[in-house]
Amino acid sequence: MTNLFDPALYAGARRPLTEAETLPSWCYTSAEFHQREIERIFRPRWRFVGREDELQGEGAYRTIETFAGPVIVVRKRDGALNAFLNSCRHRGAQLLEGEGNCTSIVCPYHSWKFGLDGALLGAPAMEKSKNFDRNEHGLVPVRLETWRGFVFVNPNRDAAPLLSAWGDMPEVLGPYRFEEMVCVRRIEFDIACNWKMVTENAMEEYHTGTVHRVSLGQQQGEAVDTRGEWDALFIEQATTIALMTGEASPLPFITDLPAKHRSGTYFTMMYPSLQFACTQDCMWWLDFQPNGPERTKVSVGFCFPRSTVARPDFQQVVQRYYARWETSIAEDNGIGEVQQRGMRASGRPPGRLSWKEHHVHKLGNWVLDQVLDRPAPARVAAE
Ligand code: FES
Ligand SMILES: [Fe+2]
């Protein structure tokens with residue numbers, strides 16, 4: 001049996017961009033390759049949840065599936081966000097589903113009741129259970145960090161801090177003042193392709209003249225040098241890119257943007273699969289979460305500065321932004337599914353890459369860095 005993680009299988013993908021091949025088809029279809037990606041890439045890393053402003057007021061909660069199981073994010077009485085394993089301390093039932101508001105968390109099985117801080121407040125008919133101390137049976141906390149209004153969780157207690165992986169991303173994206181934004185709409189999709197297809201697609205503009213011929217037209221991007229596990233593509237355009245071709249920005253630019261940020265749009269990818277697209281008047285995220293080797297959950301959120309959302313014409317104007325996003329995202333999701341179907345052709349040899357696919361090459365090589373078997377460390381000769 002072939003060892004899928006033998007580095008020798010990937011010599012073509014490892015060559016420099018202009019000589020490189022694409023990843024082999026099985027990287028997009030194989031359950032075994034997928035399982036390795038989950039273990040080495042997704043499970044240990046921080047999981048994106050959404051925006052703090054989506055959780056308004058005491059008791060607002062959102063549940064989320066991580067690769068280490070279900071998690072609850074809830075706003076406590078003191079206004080801070082908490083995260084817990086979404087699993088009852090009695091016999092393990094999942095406590096909450098979806099999103100909503102609660103004053104306490106009551107298990108649907110035997111009504112154990114937990115406070116918003118996770119403390120066990122009530123456990124019926126436990127008085128005869130010996131040495132049962134309520135204080136030892138609160139919800140299991142999960143690490144939570146926020147960055148400029150974005151919320152992340154990590155069930156791995158030993159994980160390095162959120163920003164430690166993303167190098168200079170905070171410096172490059174800081175000027176967008178995400179902390180002054182609100183999420184005005186969120187959409188989720190479940191699409192039939194591997195997570196890397198949508199992730200790669202989100203970082204190359206090579207396809208725009210074909211897939212978005214009518215909606216966006218051909219875009220021209222330049223690769224940005226980044227430090228850390230993230231990547232960026234800059235597309236120069238003096239008006240917002242969040243509207244269809246040729247429309248001027250009807251909404252004000254974000255306050256005090258530096259000249260570079262005023263002159264175009266940053267499409268970024270926080271590895272493995274969280275995109276922040278940042279243009280002059282707004283930002284939107286795309287989060288791609290694998291759901292098996294050939295399915296991906298896509299979550300998209302659209303954020304504008306609070307002051308923009310307060311404008312009397314906002315609800316009317318933003319419809320044009322929604323129309324653009326709905327069109328382009330449907331086109332991108334659709335082409336991902338088309339690519340997945342073709343990728344199943346057995347015996348298909350790897351393809352070659354254009355110089356415009358710098359980011360596809362970079363992501364593929366980063367994935368290989370994570371999942372391939374590593375050569376045994378050289379032994380140091382004893383003195
Ligand atoms: S499993 Fe939750 S109260 Fe029994
Ligand atoms: Fe696209």
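**Loops, sheet, core and domains**

Colleague: Where does P272 lie?

Modeller: P272 is in the loop between strand 14 (264–270) and strand 15 (274–278). Strands (E, at least two residues) and helices (H or I, at least four) are DSSP runs, numbered from the N terminus. This is a predicted model, in which local features need pLDDT of at least 70 and side-chain atom pairs count only at pLDDT 80 or more, while totals for chains, interfaces and linings use all residues. Residues are numbered from 1 along each chain as its sequence is written, and chains are lettered from A and ligands numbered from 1 in the order in which they are written.

Colleague: What kind of peptide bond joins Y271 and P272?

Modeller: A cis one, with omega about 5°.

Colleague: Another loop, then. What is phi of A125?

Modeller: Near 60°, which is positive, and A125 is not glycine. A125 belongs to the loop between strand 8 (120–122) and strand 9 (143–147).

Colleague: Is A125 buried or exposed?

Modeller: Exposed, because 8 other C-beta atoms are within 10 Å. The rule is that a residue is buried if 20 or more other C-beta atoms lie within 10 Å of its own, exposed if 12 or fewer, and partly exposed in between, with C-beta atoms placed from the backbone.

Colleague: And what is phi of R148?

Modeller: Positive, near 50°, again in a residue other than glycine. R148 sits in the loop between strand 9 and strand 10 (150–154). R148 has 15 C-beta neighbours inside 10 Å, so it counts as partly exposed.

Colleague: Changing topic. In what order do the seven strands of the open sheet come?

Modeller: The order is 11-17-16-15-14-13-12, with antiparallel pairing. Two strands pair if DSSP finds at least two bridges between them. Strand 11 (181–191) and strand 12 are the edge strands, each pairing on one side only. From one strand to the next, the twist averages 15°. For such angles, axes are lines fitted to C-alpha atoms, for helices over the stretch in contact, and the angles run from 0 to 180 degrees between N-to-C directions.

Colleague: Over how many bridges do strand 16 and strand 17 pair?

Modeller: Eight, between residues 283–290 of strand 16 and residues 296–305 of strand 17. P290 has T296 in strand 17 as its bridge partner.

Colleague: How many bridges join strand 3 to strand 4?

Modeller: Five, and strand 3 (residues 69–75) and strand 4 (residues 81–85) run antiparallel. V73 is bridged to A83 in strand 4. The hairpin of these two strands has five residues between them, and G79 there takes a positive phi near 95°.

Colleague: Which residues touch the most other members of the largest nonpolar core?

Modeller: V71, I72, V73, V153, M283 and C303, out of 71 residues. A nonpolar core is a set of buried Ala, Val, Leu, Ile, Met, Phe, Trp, Tyr and Cys residues joined through C-beta atoms within 7 Å. Strand 16 gives the largest share of this core, five residues. Domain 1 (7–45 + 165–371) and domain 2 (47–158) both contribute to this core, so it lies between them. Apart from this core there is another, of seven residues, including A20, I41, V360 and L363.

Colleague: What is V71 in contact with, leaving aside neighbours within four places in sequence?

Modeller: I64, T66, A83, L85, N86, V142, V153 and P155. Residues are in contact if their C-beta atoms, placed from the backbone, lie within 7 Å.

Colleague: Back to the domains. What separates the centres of domain 1 and domain 2?

Modeller: 31 Å, taken over C-alpha atoms. The contact takes 13 residues from domain 1 and 11 residues from domain 2. On the side of domain 1 that touches domain 2, strand 11 gives the most, with three residues. The domain bounds come from an automatic or database domain assignment.

Colleague: Which are the buried residues of helix 10?

Modeller: H359, V360, H361, L363, G364, V367 and V371. They pack against helix 1 (11–14), helix 3 (31–42), helix 5 (195–201), strand 12 (221–224) and strand 13 (230–236).

How values were computed
Two residues are in contact if their C-beta atoms, placed from the backbone, lie within 7 Å.
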